[in-house]
2 protein chains.
Amino acid sequence: MRPLTLDSLNPNALKVEYAVRGELAIKAEEYREQLKAGSHALPFDRVISSNIGNPQQKGLDQPPITFTRQVAALMEWPALAELAPDAFPKDVIARAQELSREIGSIGAYSHSQGVPLIRKNVAQFIQNRDGYPSDPAHIFLTGGASAGVSLFLSLLINSPRAGILIPIPQYPLYTATIAQFNGVAIPYLLDEYSGWSTSVESIEEALEKAQKEGTVPKALVIINPGNPTGALLDETTQEKLVKLCEKFSLVLLADEVYQANLHQPKEHPFTSFKKVVKNLNSPVPLVSFHSISKGVSGECGRRGGYFECTNISDEILALIYKMVSVGLCPPLSGQIGVDSMVRPPREGEESYVLWKKETDTIHSDLASRTKTMAARLNALPGVSCVDSPGALYLFPQIKLSDKAQEAARKAGKEPDAFYSLALLDETGICVVPGSGFGQKEGEWHYRLTCLCPGVDEYVGKLEGFHRRWVQKYGEQ
Amino acid sequence: MRPLTLDSLNPNALKVEYAVRGELAIKAEEYREQLKAGSHALPFDRVISSNIGNPQQKGLDQPPITFTRQVAALMEWPALAELAPDAFPKDVIARAQELSREIGSIGAYSHSQGVPLIRKNVAQFIQNRDGYPSDPAHIFLTGGASAGVSLFLSLLINSPRAGILIPIPQYPLYTATIAQFNGVAIPYLLDEYSGWSTSVESIEEALEKAQKEGTVPKALVIINPGNPTGALLDETTQEKLVKLCEKFSLVLLADEVYQANLHQPKEHPFTSFKKVVKNLNSPVPLVSFHSISKGVSGECGRRGGYFECTNISDEILALIYKMVSVGLCPPLSGQIGVDSMVRPPREGEESYVLWKKETDTIHSDLASRTKTMAARLNALPGVSCVDSPGALYLFPQIKLSDKAQEAARKAGKEPDAFYSLALLDETGICVVPGSGFGQKEGEWHYRLTCLCPGVDEYVGKLEGFHRRWVQKYGEQ
């Protein structure tokens, strides 16, 4: 028989790239295995995975919200409410019993769109946030935001000419998924020199260029707060973006998974696109994605999230339902995680004080770490870093000398990948090269998370590495 | 702006059909809501969802395996081991601690391929089952078997001429996914009159016919034990199938999710395709799918499963890794569910006795229910039903009179859908029409699960309905 070879497989799959878990992450995993096996051959004693927004991972160990886990433990084994009644606050027991009455066993498939009660609670959360009604029938619970994004891109890409506008830099889920479904990515540049702002004019230029090249634009992806940039849109820009979607008949895909990660909430608040679309009474079809993996929840491993559809017809909602039903249902652990996120303990309830303390700590730690890291990175020669007001990341720009670029070329690597590999090899810190997110020609970046607890030691390592690098390769 | 309409979306999505959660399931959900709201207008007081193999759903209430849930509760909230030490058997606490040491928090993303320790345990389980080594690097944990099947079909369908051989009747995941990725389904008929056996000759005929029509066959799907048929392959047939794959250079996709649901294990044992391929020392690329949703585990809501790749090159494994990494990782609740399935308590451990009792009960209840239901359905006029030796279903054939077929035509329904809708309307029992799985032209069936606990009342309703039907429409 002929063996199965790459060239006999779907060529779109070969085009997919996803740097967040790419070459560097794989190498970091190998280093971790070596350390675990007791190796002393490496110049570091632990690997720090700053490549991915994964707050609860080993080594970062952001503690989960106790309330969420207590409810989940009771849902796993309801007998605990009687076997260990004193272990649980009363509001936790009540919440678990309410969910159990609705769901039954979390070992059963739920409604493919998600448990109706939980969708109702999500709708209430959205309504409280925006001041506009939300319909549970327009909400789909998902196994994380990525699953929803992938579904929508697979629906919107109806030909190899279908184009999706994506920011540069972007979270590479978008380029990966567009490649997988054989569409065209239409990049628009964010402006680093005004805090990674979004320019409506540059989107319009990108659109017109794409149309001239025969691409049919279908949707505009906005990531707000930004990933990897951490930037927040102001409402005026959001209004312009909605009107742009009206003008070009675009679906607006609003990736709002970092909506609760705000480090400067007064100067840079979050406004949902749902609210803006409703304020404008706009007919723009909007899909807004949210997740339990980020925010203060950080429950990446549960795989939970939702998307809300606005201005999407019933027949398209029925199509979406059909498509998600083939995958049966999102994980129940993720669904009950969504419930805990949108219905946290309220003031006066037994769990409230602890919940408040835990979430306040996560917010303030992240804000102060982000600020410190940005300041110290900015102080390095040839490094400039926007002090990000949101999300979990920094995306510093690094100037690389001709000598460094030449060395990268010889190694067959992009210069920023070459820098990041050296950083991993010397310090055990795994970041993602800017080329994985896209960047202006001739500029180099990397993305790192602001989740590492020992910020002094962590930034100290980054600084030490960078200074050695400059010594070796010189400044640009 | 132009509104978003169905005809501007991916035409492949419009072609997708998935009857298991289709028209009937949606109607059943509406009836359930009516009953919940206190309606007395329906001729039944509860809806029985026999359309889907979902053992733990409300109304069926197959209890989860206590061991699995105790481990999961401790993983959700590890403090319980100290807060309520007497609530947990010692082996459960030890297991949870072992998993925690490896995983850390289940709120963190894991390795995209699945937690290494759990993959190692899966490999050991496979090795114990087959007597051949299994490599954890060739195992991918998934969010249920469907996710893995969908991934593989998306890779194998490399052009609109790419063909996938599927049994008729089949689990409609296959036709749905092939439509989604715009491939060609190449149907081969199972033989109802010899217990839904698989004929190698009929597959070869289907292959040759497809090739003549310009289709390029890529893979052979085998569901063993069968869904919806419950049939088990004998080893001789399996060997012939492997050789057929060699001859035609086909990837063998072995859906083996019902491998633990055996009602007549002596007469109809299960042999994995991995073992057959190894016995023959065959080079056939094999992907075998397993799941925690079925078997005695029945943990559908966790979304857990795995696939093992045999004779798949490292470069293709790397491609698969890349594709799954875009989705980050399978749900941790599903992954630890897989661990409990492949590493149940052992004789002598504290949890063993209860585990044995629980699993024995599930096996014997299912076997006796299947036998009773098949016998009583067979006794009905115009109904014939293979007494299924495996899986969770029966797939009775119903003869429908010309009058019934005429009434169906007038209602714009397939005759078996018309029958199934009437069954739902009169009794609240939701089944899936045979047309959703495929069947021989002019024959009619439905699929129902054998999970309903009160078998007398349940089958009584089916019998009563069928007799009224025959009275109304006559025998064929």
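Begin by selecting helix 2 of chain A, which gives the most to the lining of the second largest pocket, with nine residues; helices here are DSSP runs of H or I of at least four residues, strands are runs of E of at least two, and both are numbered from the N terminus. What you have open is a predicted model, in which local features need pLDDT of at least 70 and side-chain atom pairs count only at pLDDT 80 or more, while totals for chains, interfaces and linings use all residues. Residues are numbered from 1 along each chain as its sequence is written, chains are lettered from A and ligands numbered from 1 in the order in which they are written, and side-chain values use heavy atoms, with hydrogens and water left out.

A pocket is found on a 1 Å grid over the protein atoms alone, as an open set of points with protein on both sides within 12 Å along at least five of seven lines, whereas a cavity is a set of points where a 1.4 Å probe fits but cannot get out, and lining residues have an atom within 4 Å of a point. Grid points are joined across faces, edges and corners, and a volume is the space filled by probe spheres set on the points. Now select Glu29(A), Arg32(A), Glu33(A), His111(B) and Pro116(B), which lie nearest the centre of this pocket among its 37 lining residues. Two or more residues of the lining come from each of helix 2 (23–36) of chain A and helix 5 (90–103) and helix 6 (116–130) of chain B. By class, the lining has 16 nonpolar, nine polar and twelve charged residues, where Ala, Val, Leu, Ile, Met, Phe, Trp, Tyr, Cys and Pro count as nonpolar, Asp, Glu, Lys and Arg as charged, and the others, Gly among them, as polar.

The lining of the largest pocket divides into 18 nonpolar, ten polar and 13 charged residues.

**The two chains together**

**The largest cavity**

A search of the whole structure finds ten cavities of 30 Å³ or more, and the largest holds about 1,300 Å³ of space. Select Ala147(A), Ser150(A), Ala147(B), Ser150(B) and Gly327(B), the closest to its centre of the 47 residues that line it. Among the elements that give two or more residues to this lining are helix 7 (145–156) of chain A and helix 7 (145–156) of chain B. Its lining has 25 nonpolar, 20 polar and two charged residues.

Select Asp130(A) in helix 6 of chain A, which is buried at a relative accessible area of 6%; buried means under 20%, exposed over 50%, and partly exposed in between, with a 1.4 Å probe and protein chains only. The side chain of Asp130(A) makes a polar contact with the side chain of Ser272(A) at 2.8 Å, a polar contact being a pair of N or O atoms within 3.5 Å where, within protein, one must be able to donate a hydrogen and the other to accept it, and residues adjacent in sequence count only if both atoms are side-chain atoms.

Then go to Pro169(B), in the loop between strand 3 (162–168) and helix 8 of chain B, where a cis peptide bond joins Ile168(B) and Pro169(B) with omega about 0 degrees. Lastly select Ala391(B), whose phi is near 65 degrees, a positive value in a residue other than glycine, and which is buried, with a relative accessible area of 0%.
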